[in-house]
Amino acid sequence: MEYLPNILFAIILAAGIGYFAKNVKKLIRNIKLGRDADVSDNKSERFKNMAMIALGQSKMVRRPVAGILHIIVYLGFIIINIEVLEIIIDGLFGTHRIFSVIGATYGFLIGAFEVLALLVFVSVIVFWIRRNIIKLKRFWKAEMTSWPKNDGNFILYFEMVLMTLFLVMNATDVHFQTMNLGNVISQYMAPWFSGLSEGTLHLIERGAWWLHIVGILVFLNYLYFSKHLHILLAFPNTYYGKLAPKGQLNNLESVTNEVKMMMDPNVDPFAAPPEGAETAVPEKFGASDVQDLSWVQLLNAYTCTECGRCTSECPANLTGKKLSPRKIMMDTRDRLEEVGRNIDANKGEFKDDGKQLLGDYISTEELWACTTCNACVEACPVSIDPLSIILEMRRYLVMEQSAAPTELNNMMTNIENNGAPWPYNQMDRLNWKDE
Amino acid sequence: MSEVLNVPTMAECMAEGRQPEILFWVGSAGSYDDRAKKITRAFVKILNKANVDFAVLGTEESSTGDVAKRAGNEFLFQMQAVTNIEILNAYEVKRIVTACPHSYNTLKNEYPQLGGNYEVLHHTQFINDLITSGRLKVESDNAFKGKRITFHDPCYLGRANDVYEAPRALLETLGVELVEMKRHRKTALCCGAGGAQMFKEPEKGDKDINILRTEDALKTNPNIIATGCPYCNTMMTDGVKVKEKEADISVLDVAELIANAQGE
């Protein structure tokens with residue numbers, strides 16, 4: 001019976017990590033549903049971007065209040081997790097504060113954790129106030145329906161509870177308080193429990209300890225279902241982020257091949273395909289569903305934490321149009337998860353469900369409202385590119401469905417006929433010289 | 001009848017057996033739009049004044065395909081690109097300057113993959129080079145000195161290509177009082193014309209984008225709204241008209257400011 005807590009701990013730990021690993025596998029499978037994208041170039045520049053943007057939070061601080069609070073929570077999250085290592089060792093081997101043998105350094109570390117825990121707690125409270133009391137506009141846009149709103153708050157409650165448990169655990173640890181080493185915050189909380197017997201104190205301490213570690217495991221497993229995945233995916237996402245100038249939109253290679261054939265005077269358009277040549281179905285142009293997007297775009301969708309900085313800078317959204325770049329990312333993820341569930345339910349094979357990203361999630365009205373101004377791309381703190389998805393879907397509308405708005409069709413006909421978007425004669429191109 | 005401009009074409013240069021220093025890509029707006037044509041002429045005036053050996057393609061120029069690409073018509077874009085590249089390469093063009101950020105972006109970023117490799121400059125960059133190299137002189141005592149001017153960053157010059165300094169440096173050369181809008185440089189608001197919006201009615205909303213951007217500009221209480229893109233110019237000019245401010249505020253391209261500051 002002596003080892004019961006250790007065994008229980010090991011089981012909980014294995015279950016927590018196991019379920020998470022299972023979902024990570026699913027996540028990777030879903031992302032791989034996307035088309036290939038070659039992002040193997042410029043490794044050093046990519047590492048630099050990851051170091052600056054994800055690790056260094058360089059784009060977060062463009063909005064100083066949210067930026068600085070976020071850095072506190074981010075640092076707290078990373079640094080306090082060193083403590084989790086001790087908890088895991090203690091839990092598995094039945095030790096108590098195994099790292100305390102290192103003495104003064106331990107005191108310094110725990111002291112730093114305690115200060116961070118308090119700062120995180122305060123920051124999270126401010127975040128909650130910004131969302132729920134001040135009601136910052138970007139947290140209350142149309143796409144912020146009940147689940148996205150709740151998700152945002154749940155994460156904050158989780159963090160409040162975890163930080164509280166950590167501090168209570170330290171405050172009620174009689175041995176730790178007697179050591180008087182590193183209890184910089186918890187020493188002020190210890191008197192709250194002064195009337196209690198040592199047995200009760202120990203019970204509270206153990207309770208807080210268990211809830212803290214179980215809470216962390218639950219939170220870990222909550223990630224897959226939440227916008228909070230960004231704490232992991234921000235790193236690969238900034239690594240694989242676009243390196244070209246923002247204005248450069250990719251050239252479709254499948255189109256290049258066809259254009260080259262059309263322009264080549266030596267090609268016989270009526271030639272039969274060479275013997276044995278595969279009559280491959282030509283690749284679909286653009287995207288009508290998530291499988292038509294690249295895996296980097298799908299990674300983008302999972303990385304989005306719905307902060308809404310993109311939407312709050314989008315000229316279309318600011319003037320009351322339906323388009324919201326954040327919604328583009330949320331829709332892409334929602335549809336991708338739906339496709340993933342479909343595959344799970346059908347033994348690894350996707351069965352047509354009569355739905356797609358275009359129309360069922362993202363409307364043409366949204367797609368045509370984009371000015372391709374790149375404000376959303378510039379605003380994203382984790383290098384998400386909503387514009388690239390909008391463009392892929394426009395390509396599908398125009399090249400597969402000929403479904404552009406009439407005025408744009410006129411514009412394109414003009415370019416085809418006379419090399420300008422207006423119906424003017426090509427021969428008049430130089431008239432400005434003499435006017 | 002305004003002054004006579006010297007505008008050689010690449011075909012003429014070739015006939016004379018010479019290669020000009022730079023090709024001026026006029027762009028569709030700069031060729032056909034009445035307002036943009038004035039910008040084109042202003043820029044040529046500067047080129048003539050600085051004795052720049054340049055040429056245009058004239059009737060051999062065709063839409064870069066920027067707007068078709070952004071509307072989703074990759075076919076049309078690449079047809080345009082390949083046709084233009086054939087002509088540019090036949091003339092062995094190495095350097096291109098253009099007064100349109102959309103042409104600038106497409107020529108610079110999207111043509112190389114299709115076989116068109118050129119050094120591409122926005123006209124504000126080129127004029128800046130003319131001034132720093134001493135080929136063009138701007139009188140410190142000019143018509144715009146001390147005027148309150150706000151600069152609207154075109155998306156395809158600023159965010160798309162990180163060119164923020166060149167147009168501002170030119171305004172400084174003129175000795176104007178440069179006042180920035182709250183949203184400027186990286187966070188500048190679009191004028192509403194990009195992504196093929198210029199050629200269609202906006203989707204349903206509660207305001208037009210150019211009106212919102214004009215309001216941004218009006219808050220700086222300017223004498224002049226300066227920009228560096230023919231489409232931005234149209235959008236801002238319309239916005240100023242809607243706000244009934246056209247008597248007090250003019251919308252001018254940076255090239256027009258430089259050209260008109262020269263005097264005749």
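This is a predicted model: local features need pLDDT of at least 70, side-chain atom pairs count only at pLDDT 80 or more; totals for chains, interfaces and linings use all residues.
In chain B, the buried residues of α7(B) pack against α3, β3, β4, α8 (165-173) and α11 (254-261). The residues concerned are B:H123, B:T124, B:Q125, B:F126, B:I127, B:N128 and B:L130, each of which is buried in α7(B). Because seven of the 10 residues of α7(B) are buried, the helix is largely enclosed by the rest of the structure. Just after α7(B) comes B:G134, which takes a positive phi of about 80 degrees.

Two of the partners of α7(B), namely β3 and β4 of chain B, lead on to a sheet. Four strands of chain B make up this open sheet, in which the order is β2-β1-β3-β4 and the pairing is parallel. Its edge strands are β2 (54-55) and β4 (119-122) of chain B, each of which pairs on one side only. The helix α7(B) packs on the sheet by touching β3 (95-98) and β4 of chain B, and the direction of α7(B) makes about 90 degrees with that of β4(B). Elsewhere in the sheet, strand β1 (residues 22-25) of chain B is joined by two bridges to β2(B), and these strands run parallel. Within this part of the sheet, B:I22 stands opposite B:F54 in β2(B). In general, the strands of a sheet pair through backbone hydrogen bonds, either parallel or antiparallel.

The domain assignment divides chain B into domain 1 (10-130) and domain 2 (138-261). Taken over C-alpha atoms, the centres of domain 1 of chain B and domain 2 of chain B are separated by 22 Å, and the contact takes 26 residues from domain 1 of chain B and 26 residues from domain 2 of chain B. On the side of domain 1 of chain B that touches domain 2 of chain B, at least two residues each come from α2 (27-32), α3 (34-49), α4 (66-70), α6 (101-110) and α7 (123-132) of chain B. The helix that gives the most to this side of domain 1 of chain B is α3(B), with eight residues. By class, the side of domain 1 of chain B that touches domain 2 of chain B consists of 13 nonpolar, eight polar and five charged residues.

A further helix of chain B leads across to the other chain. In helix α9 (residues 209-218) of chain B the buried residues are B:I209, B:N210, B:L212, B:R213, B:T214 and B:A217. These buried residues of α9(B) pack against α13 of chain A, together with β5 (148-151), β7 (224-227) and α10 (230-242) of chain B.

In the loop between α17 and α18 of chain A lies A:S383, whose phi is near 60 degrees, a positive value in a residue other than glycine. With 22 other C-beta atoms within 10 Å, A:S383 is buried. In the loop between α18 and α19 of chain A is A:S402, which has a positive phi of about 45 degrees although it is not a glycine. With 9 C-beta neighbours inside 10 Å, however, A:S402 counts as exposed.

Chain A also carries an annotation from the record: an unreviewed UniProt entry gives "transmembrane region" for residues 6-24, 68-89, 101-129, 154-172 and 207-225 of chain A. Over residues 68-89 of chain A the model is 100% helix and 0% strand, with the end C-alpha atoms 33 Å apart. Residues 101-129 of chain A are 90% helix and 0% strand, and the end C-alpha atoms of this span lie 41 Å apart. With 16 C-beta neighbours inside 10 Å, A:M160 counts as partly exposed. Leaving aside neighbours within four places in sequence, A:M160 is in contact with A:F121 and A:V124. From C-alpha to C-alpha, A:M160 and A:D264 are 66 Å apart in space, and they are 104 residues apart in sequence.

Notes. Residues are numbered from 1 along each chain as its sequence is written. Chains are lettered from A and ligands numbered from 1 in the order in which they are written. UniProt positions are given in the numbering used here, feature names are shortened, and annotations may be inferred rather than shown by experiment. Domain bounds come from an automatic or database domain assignment. Two residues are in contact if their C-beta atoms, placed from the backbone, lie within 7 Å. Ala, Val, Leu, Ile, Met, Phe, Trp, Tyr, Cys and Pro count as nonpolar, Asp, Glu, Lys and Arg as charged, and the others, Gly among them, as polar. Two strands pair if DSSP finds at least two bridges between them. Axes are lines fitted to C-alpha atoms, for helices over the stretch in contact, and angles run from 0 to 180 degrees between N-to-C directions. A residue is buried if 20 or more other C-beta atoms lie within 10 Å of its own, exposed if 12 or fewer, and partly exposed in between; C-beta atoms are placed from the backbone.
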